[in-house]
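Please study the sequence and the model before reading on.

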Amino acid sequence: MGGCAGSRRRLLDSEGEETAPEPRPRLLDRQGALWKNAMGFWLLGLCNNFSYVVMLSAAHDILSHQRASGNQSHVDPDPAPTTRNSSSRFDCNSVSTAAVLLADILPTLVIKLLAPLGLHLLPYSPRVLVSGICSAGSFILVAFSHSVGTSLCGVVLASISSGLGEVTFLSLTAFYPRAVISWWSSGTGGAGLLGALSYLGLTQAGLSPQHTLLSMLGIPTLLLASYFFLLTSPEPQDPGGEEEAETSARQPLINSEAPEAKPDSSSNLSLQERWTVFKGLLWYIVPLVLVYFAEYFINQGLFELLFFRNTSLTHAQQYRWYQMLYQAGVFVSRSSLRCCRIRFTWVLALLQCFNLAFLLVDVWLSFLPSIYLVFLIILYEGLLGGAAYVNTFHNIALEMSDEHREFAMAAACISDTLGISLSGLLALPLHNFLCHLS
C-alpha cells in the first residue's frame, strides 16, 4: 500500500462524502482475520495433499514389498525386491508404479468430473469431514495391509480425500480475499515437500514403512482443526487485491453460517452458463493438462526406470530421492506467486514436454553419466509444475466475475487430474514394454 494511502486513507460513503478513518482496534481485528485465513488455507493445502504425496512416495515399497502373513511385527524399511523382472536392465517391479498413480488419481478424476455437475452444491462441512476420515483410513489400511491389492484400496482412499478436499477448498476461496489462493497453493507445495521428505527421512532412519505411515495419522486431525477452528466464516465480498483483502473479523466456521448459504454462491448458474464458463477456461485448462501429463509420466513412468547402479543408494532409495526433489521444486514454485507471476502458462507446458522427451531418450539410451544430473532435472521439473498450478488458478481468479468464480475454480481442478490420469494409463504399457526388453 502506498505511503499516503497507507498512512491515512480517506474513506468515502456511497454518496462520495468523506467519512472518518476506521478505528484502529477494528483494523487490527481485520488484520488478525487475514492472518488466520492465510494460515488456515496454508494448513488445509498441506493436509489435503499430504496422504496423496506419501502414497506416491511409497509406491515403490507398496509394489516391491513382501509382507509376510500372520503376526509379523517388523518390516524391513528397505526390503529386497521379490517380484522383479530379472531379465531387464531396468530392475523393474512386475507392476509399474503407475498402477499406484492410477489408484491415487482415478477416484480424484471422478470427483472432479462430478464437481461441475452439482457436487459443489453439497454443504462444505460434511465434505471436509469425509475428506479427513478417508485420509486417516488410507494411512491405516496401507500400513496394516498384507497384499498389494489391499494397499491399493488404501491408496484409493487417499485419492478420494485429496480430490474431494481440493474441489472443496478451491471453491471455498471464492468467498475469501484472492490472496488465500497463493497460501493454499503454497500449502499444497509444502505437502509435497514435507510428505516426500518425511517418508524418505523416517525410512532412511530405520523406521519401517508401516510405522512411518502410522506416524502420520495426526495430519487428518490437523486438517479438520484448521477448517473448523482456524478459518473465519466467509461473507459475500469482492476478493480483489491486497487493499480489498481486509475483511472484518468473524467467528470460527464451526459456530457460524455455512458458506453454501451465502448469496454470492454460483449454485444458481444454469447448465448453459456453466458450459459457457467452462469453454472460456480451456485457455487455462489445456496447458495445465499438458504440464501434469508430462511431469507425472516422468514421475510414475520413468522414475523407476532411471536406475543407477554406480551409486551407494539402493533402487528404493533412489526412487524416494526423486520424489522428494520433485516435491521440493513444486513447493518453491507454488510459493513464488508474490515474486513471479506468469501470464502465458503454455510456455511452461512446452518446457515440461521437453523434459519428458529428454528423460525418455535417456531411459532408452542411458547417456546421462551421473544420478546427480537427473536430480537437477527433476528439481527443475518440479519448479515448472508448481509454477503452472499456482499461476493458472491465480489467473482464473483475476479474470472470472464474482458470480462465476466459485464454479470456475472447481471446474479448473479437472486439468491437473486429467493430465495425471492420462500419464498413468500410458506409463503402464511403456513399463511393460521396456521391462521385457532383454
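A residue is called buried when its relative accessible area is under 20%, exposed when it is over 50%, and partly exposed in between, using a 1.4 Å probe and protein chains only. The model is predicted, so that local features need pLDDT of at least 70 and side-chain atom pairs count only at pLDDT 80 or more, whereas totals for chains, interfaces and linings use all residues. Residues are numbered from 1 along each chain as its sequence is written, and side-chain values use heavy atoms, with hydrogens and water left out.

## The protein as a whole

The secondary structure consists of 15 helices and four strands. Helices (H or I, at least four residues) and strands (E, at least two) are DSSP runs, numbered from the N terminus. Of the 438 residues, 56% count as buried. The protein exposes about 17,900 Å², and carbon and sulfur atoms supply 66% of this area. Accessible areas come from the Shrake-Rupley method with a 1.4 Å probe; for residues, only the protein chains shown count as cover.

Contact means heavy atoms within 4.5 Å. Among contacts between residues at least 6 apart in sequence, 84% join residues at least 24 apart.

Two packed helices are described by the angle between their axes and the distance between the axes. Axes are lines fitted to C-alpha atoms, for helices over the stretch in contact, and angles run from 0 to 180 degrees between N-to-C directions.

| Helix pair | Angle between axes | Distance between axes |
|---|---|---|
| H5 (residues 124-143) and H9 (residues 218-230) | roughly 165° | within 8 Å |
| H7 (residues 179-204) and H13 (residues 371-399) | about 160° | 10 Å |
| H11 (residues 315-334) and H13 | about 40° | 6 Å |

Angles under 35 degrees count as roughly parallel, over 145 as roughly antiparallel, 65 to 115 as roughly perpendicular, and the rest as oblique. A crossing is left-handed if the near helix is turned anticlockwise from the far one by less than a right angle, and right-handed if clockwise. For the classes of residues, Ala, Val, Leu, Ile, Met, Phe, Trp, Tyr, Cys and Pro count as nonpolar, Asp, Glu, Lys and Arg as charged, and the others, Gly among them, as polar.

The axes of H5 and H9 cross at roughly 165°, which means that H5 is roughly antiparallel to H9. H5 passes H9 in a right-handed crossing. On the H5 side, the residues in contact include Val128, Leu129, Gly132 and Ala136, and these face a group in H9 that includes Pro220 and Leu224. By class, this contact of H5 with H9 has 10 nonpolar, three polar and no charged residues.

H7 and H13 are likewise roughly antiparallel to each other, and their crossing is right-handed. Here Ile181, Trp184, Ser185 and Thr188 of H7 meet Tyr389, Val390, Phe393, His394 and Ala397 of H13. Six nonpolar, three polar and no charged residues take part in the contact of H7 with H13.

H13 also packs against H11, at an angle of about 40°. The crossing of H11 and H13 is right-handed. Among the residues that make this contact are Trp321, Leu325 and Arg334 of H11, together with Phe375, Glu381 and Tyr389 of H13. The contact of H11 with H13 divides into 16 nonpolar, five polar and two charged residues.

## Individual residues

Which residues in H5 does Leu224 touch? Leu224 lies in H9 and, leaving out residues up to four places away in sequence, touches Val128, Leu129 and Gly132. Leu224 is partly exposed, with a relative accessible area of 23%. The C-alpha atoms of Leu224 and Ser131 are 9.0 Å apart in space, although the two residues are 93 apart in sequence.

Ala136 is placed in H5. With residues up to four places away again not counted, Ala136 touches Leu217 and Pro220. Ala136 and Ser51 are 85 residues apart in sequence, and their C-alpha atoms are 8.5 Å apart.

Is Gly165 buried or exposed? Gly165, in helix H6 (residues 148-172), is buried, with a relative accessible area of 2%. Apart from residues up to four places away in sequence, Gly165 touches Asn48, Ser131 and Trp184.

Ser423, found in helix H15 (residues 414-435), counts as buried at 0% relative accessibility. Beyond its neighbours within four places in sequence, Ser423 is in contact with Leu101, Tyr292, Phe293, Tyr296 and Phe297.

Ser366 is found in the loop between helix H12 (346-365) and H13. Ser366 is partly exposed, with a relative accessible area of 47%. Its phi is near 55°, a positive value in a residue other than glycine.
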